[in-house]
Amino acid sequence: MKTLLVVLAAATLAAQDAPVMIQEADLKWEAGPPSLPPGMKVVFLQGDMKKEGPFTFRAKLPADYKIPPHFHPGTEMVTVLSGGFHAALGDTFDASKAKGMKAGAFLSLPAKSPHFAFTKEETVIQVSGAGPWGITYVNPADDPRARN
């Protein structure tokens, strides 16, 4: 993965007509959005999640990271790049129902499908979809924005 070249032929942040070519060494990780539990880092590769159109981002999740049951307005596609990502459908967090996904695994979660995820080790995933993106927690008390 050290020499990974990501070639995305769709939209850049500023112009929809230019290809995106990013070396892994050039990625600038930042704190994750307030809509997700603290501790994750993200890097946006393509598009703007708040606007209509395709987007792609990577998330670096620490060990023992947990995302409570939630859903999105559109289909979410996740590729595991490193580590282990555990996920399951359902509106109640039950780790015993999760499927462990290792590097190379792919998940496609249909719009409005409640799901949850967690890690046991540092994990990097790549998420793609079409904006505008959003997240709704099944239990509103799980929403990190409610704590601020």
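Predicted model: local features only at pLDDT ≥ 70, side-chain atom pairs only at ≥ 80, totals over all residues.
A pocket here is an open set of 1 Å grid points where a 1.4 Å probe fits, with protein on both sides within 12 Å along at least five of seven lines; lining residues have an atom within 4 Å of a point. The volume is the space filled by probe spheres set on the points. The lining has 13 residues, with P33, F44, D48, M49 and K50 closest to the centre.

The second largest pocket comes to about 240 Å³. I noted 25 lining residues, and I67, E76, V78, F85 and H115 lie nearest its centre. Strand β8 gives the most to this lining, four residues. Strands are DSSP runs of E, at least two residues, numbered from the N terminus.

**Reading rules.** Residues count from 1 along each chain. Local features need pLDDT of at least 70, side-chain atom pairs 80 or more, totals for chains, interfaces and linings use all residues, and side-chain values use heavy atoms without hydrogens or water.

**Core.** Of its 23 residues, L36, F85 and I125 touch the most other members. The largest share, four residues, comes from β5. Beyond four places in sequence, F85 has contacts (heavy atoms within 4.5 Å) that include L61, V78, M101 and I125.

**D142.** I found D142 in the segment after β13 (136-137). Leaving out residues up to four places away, D142 touches P68, P69, Y137 and R147.

Notes:
Core = buried A, V, L, I, M, F, W, Y, C linked by side-chain atoms within 4.5 Å. Buried < 20%, exposed > 50% of the residue type's maximum accessible area, 1.4 Å probe, protein only.
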